[in-house]
Amino acid sequence: MITEKELTQAQEAFTKLREAIAAVIVGQERVVEIALWTLLSGGHLLVEGVPGLGKTLLVRTLARALGLSFSRIQFTPDLMPADILGTNVFAEDTESFRFVPGPIFANVVLADEINRATPKTQAALLEAMQERQVTVGGKTHPLEEPFVVLATQNPIEMEGTYPLPEAQVDRFLFKAEVSFPDKGELVEILRRNTEGEGITLPDPVMNPGDVLLARRVVGAYPVSGPLMDYAARLILATHPNGLAAPEAVRRYVQYGASPRGALALVFGAKARAFLAGRYHVTMDDIRDILEPALLHRIILNFRGEAEGITVKEILQEVVRSVPPP
Amino acid sequence: MEVFQREFRRILRWGRLRRGLRFGIFGVLAVATISLVVRRIFGSFPPELTALGSGGFFVGIALPLAPERFLLRAGKRLGVGEALLGAWELARRGETVLLEKLAEVVELRELRPPRLLIPEKPELAVMAGILAFLLAIYLLPPIRQDSPITLPHTELTSQDDVREKVQEESPEETRALRPDITEARSDAGLNALEEFVEGQLVGERGSPGGNPRAAEGTAEAPSGDIADREGKNRSPSGSPASQQARKEPSEVMGPAPPSLPLAEGTPPEDLSPGAAGRLGEAKSSASEGEGNEVKVFAPRAVPGPQAGSMAEAPWPSEEGGGELPPEGTAELAGKTPGEAPAVVEDRELWHITPPRATEVETRPGEGPVRTSALLSPPPEPSGDEAIPYIPPLGGVKISLGGRGLPPGAEELIRRYFLLLAREEVSG
């Protein structure tokens, strides 16, 4: 049971965090919002967009404002798993092997252009993201909480990219698509970057304890039975063999969302309600979360790919077809 | 926390009351609908059952309410959305701080649950639909029972009885109001036929010990199918009425109007093959006179085992149970007396005619309705073991109606066959 003080503290901390991020990032409110949901839900975020849209800046700003340890891994085709996780090196003084942690050992890890690395290296993140631990040389090393992986990727159509394996994609709680800024936002970006000293990262407004407290508060938010039932029905409707699947899903979807998708719906709905200043979850929360939670979890079949169907269209059809409680 | 629990209990009580009212209203409407339908069909409805509708109210109140689903709907009705459900969940978990905050935001204590009693739009629509249905049933004309027509048990023992019955069933006022009926009857020779039947009854009364053949005079009638079974087995009664009854129908009825297909004035080529054949046979039969003692039994190969059984069974004779075939059977088969029995396909006696429209009746809410009948042969029996074909009475009535019989002819025919039936029973 949470106290009023904890509730107030968590709310104030996140109000400051949003202000700090808004001072640096122009536009992209939706992406920032999804990033905060991810933080509050204890998940990981996959940010997709063409180069130059400020993905890396957003992650750096977030990490800095949160006051968390931050590390950046630039994924390249020759990157090896040991470069991420760390390795055992021989220490001459003690004449024994000593574990040297890799960049994964941080609160906020920016995996930049994650789909430029080979699948083997990408797979090195699997254990860290799900189990929040790393096993090297037979020894397991826990990761420090809060632990958030914010990965960016270029669209897979671009040169020199490797699609992420489904198992790894599923480990990202949400996926955010960074869109191109409109004219007003572009002008503001130009002004901030070219006038004065340019962009300066914000000072930390939170600490790891605040993040964990906020997660506890959000965890106390109630999601009643009918809303859980609604979320479950939405997930089941994404399966082509499901009884409640709409026609579009039956035609164009190869694999539907996993149970992790259902968790993402509920966690995200709670976080959204918290950030909206409410104390209860609504159906609108679940519907709004649906796209970032399931966008990367639904695999289209060949027919869907060939006919240019997008997952967004499928999800819109799912929302239409599933009646609310 | 206790305050919120009380609030929730209060809302749930209103919810049960709402459900009770809804069940009660729909129960009453359902019972009203059922009772109306039952009354239309069967004429009455047990009044005790009408109280069942109001029982829905108590059922609605007594049944347990699923709180989560109800609070979700109630929250929407009361304008607080899912907050009411969220508050319930917080109270259930004991999250006092969040519950207090939520109660402040949505003003949980200011909710007015009596507003839940106002019906929703879908409920109103359903109720309106049921009421419209009730109204439609109420305004519909009475449903006609298509029950089988049975012969009346009244014994027509005398001409007076027949006359009384005719008086009852076709009063003079009706004839006065419908001059066309009288005219049509006259055209068709029905008045004469009626006199003939009445005369037959009088003759029957005049020969008490005998076994009069009431229909013998129709043996050579144009519609000779019926009369040919009786042939010349006639009652020896010498009363004037009997003599009148013995007269040939053609004599009694006079020349038939040309509009009738079996009338003498109708050229055979204008008739259907069966009708033309019958007309010719009737003529030849009439020319041979009563003295013809042809005893040829000509079985008719009519479709249906009933016809077959009739053909195989011995025809009743004056002595009772003899093998005397009826006069006219051979004639009907198109053979002269003495010739070998021939088979006449009764199918020829039927001819398909286009549907004829009968009377037009106006039904409230539907406008004019015209009943039509398609005259066609009876269904063919299949196989050797086919069951006797017994046409449904309703179908017979429709067929007769479709043949454009003049008004009153049906009743006359019915009485004619009634006489025959009595003859069969008594003989």
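Tutor: Contact here means heavy atoms within 4.5 Å. Helices (H or I, at least four residues) and strands (E, at least two) are DSSP runs, numbered from the N terminus. The model is predicted: local features need pLDDT of at least 70, side-chain atom pairs count only at pLDDT 80 or more, and totals for chains, interfaces and linings use all residues. Residues are numbered from 1 along each chain as its sequence is written, chains are lettered from A and ligands numbered from 1 in the order in which they are written, and side-chain values use heavy atoms, without hydrogens and water.

Take α13(A), residues 283-294.

Now burial (buried: under 20% relative accessible area, 1.4 Å probe, protein chains only). The buried residues of α13(A) are Met283(A), Asp285(A), Ile286(A), Ile289(A), Leu290(A), Pro292(A), Ala293(A) and Leu294(A). Their cover includes α2 (29-41), β9 (174-177), α10 (225-236), α12 (259-275) and α15 of chain A.

Next, the packing on α15(A), residues 311-321. The two axes, lines fitted to C-alpha atoms over the stretch in contact, come within 10 Å. They cross at roughly 145°, on a scale from 0 to 180 degrees between N-to-C directions. From α13(A), the contact uses Arg287(A), Leu290(A), Glu291(A) and Leu294(A). From α15(A) come Val311(A), Lys312(A), Leu315(A) and Val319(A). Leu290(A) and Leu294(A) are also among the buried residues of α13(A).

How values were computed: Buried < 20%, exposed > 50% of the residue type's maximum accessible area, 1.4 Å probe, protein only.
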